Amino acid sequence: MAKSNKPIVWSLFAAGGTLAAFLAPVLVLLFLLAALGHAPALLGFANLHAFAAGWFGKLFLLVVITLFLWHAAHRLRITLHDFGLRQDGVVAPVLYVVAAVGTVLSVVSLVRI
Amino acid sequence: MSRKPFVREVSTTRWYFKHPRYLRYMSREVTCVFIGAFALLLLCAVERLSEGQAAYESFLAALQGPWSVAGLVVVLVFAIHNATSWFNVTPKALPVQIGEEFLPGKFIVIAHYAVWVVATLVILYFAGVR
């Protein structure tokens, strides 16, 4: 039987979409407040550093960043096809490599905190 | 082959302007661009956080300004569009069967919206937004 990576990337897409549905609006709102000059207490250096230093904070940030990235990569692959870019042999590897590099970078950064 | 083959004139790049339903489909799909961009912003924040206080505070300072605000408002709109469109199809994705009957879809949708509101309020409280 031919092997396919579809179940893996699709489950990452679905998990990321569900997590984004519940969490993305409020997380964007926190950054919007910071952009307006009213950064919430959590986004201050001391608080965010303490949050990211604990195992729960590390896990939360890792799961949010990586699942959002893999969700976006898989959906953008399909969407670029819908916009008429019929080059899946190039599009899919580029997007998944970006998501994989983002995953590695987020692990490296979180481990250093 | 017939002498007059039927050729469908469908543009591969502008087909979604043909019907409002196609446009709604595309509006759901393009939310991923904004979710992805926000994930990169979060990655940036975590990376600067790992470099220490000065690096992180210069990131926060660079985040301020009208262009960031405008961009994040657009991201927020698409993030909410992703949430509502995602929750509205949950009865198709997660049908709940009780005996012979299926739970009416509206209860599944309402349950997702309720969890969404509670999660949002909990995170706002935890983040110190008063």
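What share of the contacts in chain B with a separation of 6 or more comes from residues 24 or more positions apart? In this predicted model, such pairs account for 40% of those contacts in chain B. For chain A, residues 24 or more positions apart make up 66% of the contacts with a separation of 6 or more.

Chain A contains four helices and zero strands, and its elements follow one another along the sequence as α-α-α-α. Along the principal axes, the C-alpha atoms of chain A occupy a box of roughly 50 × 30 × 20 Å. Chain A has 113 residues, of which 38% are classed as buried.

Chain B comprises six helices and two strands, arranged along the sequence in the pattern α-α-α-α-α-β-β-α. Chain B is more spread out than a compact globule, because its radius of gyration of 22 Å is well over the 14 Å given by the globule rule for 130 residues. The box filled by the C-alpha atoms of chain B, again taken along the principal axes, is roughly 75 × 50 × 25 Å. Of the 130 residues in chain B, 22% count as buried.

The contact between the two chains involves 49 residues from chain A and 46 residues from chain B. On the side of chain B that touches chain A, two or more residues each are given by α1 (20-29), α2 (31-50), α3 (53-63), α4 (66-88) and α6 (105-126) of chain B. Helix α2(B) provides the largest share of this side, with 13 residues. Sorted by class, the side of chain B that touches chain A consists of 33 nonpolar, ten polar and three charged residues.

Within chain A, residue A:V104 was examined individually. A:V104 lies in helix α4 of chain A, which spans residues 88-112. A:V104 is classed as exposed because 10 other C-beta atoms lie within 10 Å, and the cut-off for an exposed residue is 12 or fewer. The C-alpha atoms of A:V104 and A:R86 are 29 Å apart in space, and the two residues are separated by 18 residues in sequence.

Terms used: Residues are numbered from 1 along each chain as its sequence is written. Chains are lettered from A and ligands numbered from 1 in the order in which they are written. This is a predicted model: local features need pLDDT of at least 70, side-chain atom pairs count only at pLDDT 80 or more; totals for chains, interfaces and linings use all residues. A residue is buried if 20 or more other C-beta atoms lie within 10 Å of its own, exposed if 12 or fewer, and partly exposed in between; C-beta atoms are placed from the backbone. Two residues are in contact if their C-beta atoms, placed from the backbone, lie within 7 Å. The radius of gyration is taken over C-alpha atoms; the globule rule is 2.2 Å times the number of residues to the power 0.38. Ala, Val, Leu, Ile, Met, Phe, Trp, Tyr, Cys and Pro count as nonpolar, Asp, Glu, Lys and Arg as charged, and the others, Gly among them, as polar.
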